[in-house]
Every structure is written in structure tokens, then in C-alpha cells.
Amino acid sequence: MGKRRLLGLAIGSTAIGLLGYWVGTELRREPSVAEIYPGPWQTQPLAELDSSLSLYTVPNCKPYRYRVNQLDPEIGEYLVACPAQGGQPPPAYLVQLPLQKVVSGPFPLDPALAAAP
């Protein structure tokens with residue numbers, strides 16, 4: 001075999017191997033919060049969110065912003081960001097509206113999401 005052919009086979013094999021590695025890595029990767037709850041932030045109040053937040057006595061959470069879970073929309077889950085206080089990242093909560101339940105939080109909102117429109 002010629003040197004060019006061997007070089008072509010080596011480059012092609014490497015490219016296929018790297019592509020396989022990338023696909024495997026992407027399949028195992030956990031989606032980011034921004035991918036699960038894509039923007040933009042919604043700001044119009046929702047009675048169901050108001051009810052859920054008050055039922056779980058979430059303090060100082062008005063005016064809130066929210067995003068809907070787009071990877072699993074049938075569960076009715078919302079990422080809710082309360083106003084930031086004292087220079088801290090905004091506290092965030094996960095709320096499932098069908099259950100009227102705060103399922104997680106408070107946790108600090110990712111600064112990249114906090115600054116996003």
C-alpha cells in the first residue's frame with residue numbers, strides 16, 4: 001500500500017473514532033438547566049404558581065420569573081426565580097403545577113441564567 005493510502009486510512013479511522021467518542025459522550029451527558037428550562041423568562045403572574053409558592057410558604061418571592069420544563073413538558077414543572085437579595089444569586093425553586101407542589105429549593109440560580117433575559 002502507498003503512503004498516501006495508509007495516511008488516508010489513519011486519518012479516516014481517527015475521525016470515525018473521535019465521532020464515536022463524541023456521540024457516546026453526548027448520549028451520557030446530563031442536560032444543563034438552560035437546556036431543560038430554555039428562555040426567555042416569563043414574568044406575568046400565574047395564579048397556580050402564586051398558590052403553590054404560598055402553600056409552601058416561600059418567602060420574598062414576588063415578583064418572580066419562571067421558565068417551563070421543555071424536555072418533559074407533560075409534568076408541568078417550572079423553574080421559578082425569586083428576586084435576588086443582599087447581593088446573593090436569586091433563590092430558585094422547582095414547582096410542579098399539577099401537584100401544586102414545590103419539589104425542590106431553595107437553591108442558588110445559576111448566575112448565567114440569572115442574568116439572562
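Guide: Start with the whole chain. Residues 24 or more positions apart account for 44% of the contacts with a separation of 6 or more (contact: heavy atoms within 4.5 Å). The model is predicted, so local features need pLDDT of at least 70 and side-chain atom pairs count only at pLDDT 80 or more, while totals for chains, interfaces and linings use all residues. Residues are numbered from 1 along each chain as its sequence is written, and side-chain values use heavy atoms, with hydrogens and water left out.

The chain holds four helices and four strands (DSSP runs numbered from the N terminus: helices are H or I, at least four residues; strands are E, at least two). Their order along the sequence is α-α-α-β-β-β-β-α. Of the 117 residues, 26% are buried (under 20% relative accessible area; exposed is over 50%, partly exposed in between; 1.4 Å probe, protein chains only).

Now the strand: β2, residues 77-81. Five of its five residues are buried. In a regular strand the side chains alternate between the two faces of the sheet. In β2, E77, L79 and A81 are on one side. Y78 and V80 are on the other. Both faces are covered.

β2 has pairing partners (at least two DSSP bridges are needed for a pair). One is β1, residues 65-68, antiparallel over four bridges. There, Y66 has V80 as its bridge partner. Another is β3, residues 91-96, also antiparallel, joined to β2 by five bridges. Y78 stands opposite V95 in β3.

Two aromatic pairs are counted (Phe, Tyr and six-membered Trp rings with centres within 6.5 Å; planes under 30 degrees apart are stacked, over 60 edge-to-face, the rest tilted). Y64 and Y66 make a tilted pair, 6.1 Å centre to centre with 50° between the planes. Both of these tyrosines are buried. Ring pairs link Y64, Y66 and Y78 into a cluster.

Next, the covalent tie. There is one disulfide in the structure (a pair of cysteine sulfur atoms within 2.5 Å). C61 and C82 form it, with their sulfur atoms 1.9 Å apart. C61 lies in the loop between α3 (47-55) and β1, and C82 in the loop between β2 and β3, so the pair ties together parts that are 21 residues apart in sequence. The S-S torsion is about -85°, so the disulfide is left-handed. Both cysteines are buried.

Last, the arginines of β1's stretch. R65 sets its charged end over the ring of W41, 4.5 Å from the ring's centre (NZ of Lys or CZ of Arg within 6 Å of the ring centre and within 35 degrees of the ring normal). R67 also places its charged end over the W41 ring, 4.4 Å from the centre.

W41, R65 and R67 meet again at A116: they are its contacts once neighbours within four places in sequence are left aside. A116 is found in the segment after α4 (111-115). A116 is buried, with a relative accessible area of 19%. A34 is 82 residues from A116 in sequence, yet their C-alpha atoms are 9.9 Å apart in space.
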